[in-house]
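Colleague: Could you take a close look at one part of this model for me? I'm after the surroundings of the ligand.

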Amino acid sequence: MKIRGFEVVSNYQDQGINLPRRQTLASAGYDLEAAEDITIPSIWRLNFVRIFRLIRNGHQIFERDYEMAEKLLKPILVPTGLKAYMPEDEVLILANRSSNTFKRNLSLPNGIGVIDADYYDNPKNEGEIFVQMINYGVRPLHIHKGDRIAQGIFMKYLKTDDDDPIDRQRISGFGSTNENEGH
Ligand SMILES: O=c1ccn([C@H]2C[C@H](O)[C@@H](COP(=O)(O)OP(=O)(O)OP(=O)(O)O)O2)c(=O)[nH]1
Ligand SMILES: [Mg+2]
């Protein structure tokens, strides 16, 4: 019987995606690997530095300057090629690996990632798990396919006495429950 686990999404079938594994008997996290080579640029890129220079020198900052910097601050979504299934009262928490911050200046800008049980097999992206990442170091970081980038921990979550969820269908993630957003 299937209870909880990981599967490879259709787009990545036969592309050598490894199912996540725990590294030791008592490790809580299943290590997730990047499904592709990807570069995470530093947030301190030229245009961003330019904004700081403008602010420091007391220049007027135009809307286009903000827009340019905001574009650069967007986190990179690292594909995993994986989806996770679990009972409805469980959640998969994505957590950073401590070595990412300790050695590489690589962090999850959302702190933790919340992978809902109903994200699995959603109509828009099949429930593929993406890891949002920012590189707060000064050099670009090259992630290689197969690098372990984050860890997933399955947990039970609790409900309030008067729990009354809005009964809508999850069609995707990343703001999909806001109007006209999502990914
Ligand atoms: O790091 C993450 C965080 C979320 N998700 C997916 C799975 C999750 O079930 C869905 C929604 O995430 P969340 O509820 O945290 O984001 P939201 O901004 O509230 O989006 P939504 O309106 O789609 O719920 O996006 C990821 O793949 N990676
Ligand atoms: Mg949500």
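How many nonpolar, polar and charged residues does the shell around ligand 1 have?

Modeller: Quick housekeeping before the count. This is a predicted model, so local features need pLDDT of at least 70 and side-chain atom pairs count only at pLDDT 80 or more, while totals for chains, interfaces and linings use all residues. Residues are numbered from 1 along each chain as its sequence is written, and chains are lettered from A and ligands numbered from 1 in the order in which they are written.

By class, the shell has eight nonpolar, nine polar and one charged residues (Ala, Val, Leu, Ile, Met, Phe, Trp, Tyr, Cys and Pro count as nonpolar, Asp, Glu, Lys and Arg as charged, and the others, Gly among them, as polar). That's 18 residues around ligand 1, where being near means a C-beta atom, placed from the backbone, within 6 Å. The closest are Gly 113, Tyr 119, Gly 173, Ser 176 and Thr 177.

S8 and strand S9 (130–135) are the elements giving two or more residues to that shell; strands are DSSP runs of E, at least two residues, numbered from the N terminus. The largest share, four residues, comes from S8.

Follow S8 and you reach an open, antiparallel sheet of four strands in the order S2-S11-S6-S8, pairing meaning that DSSP finds at least two bridges between two strands.
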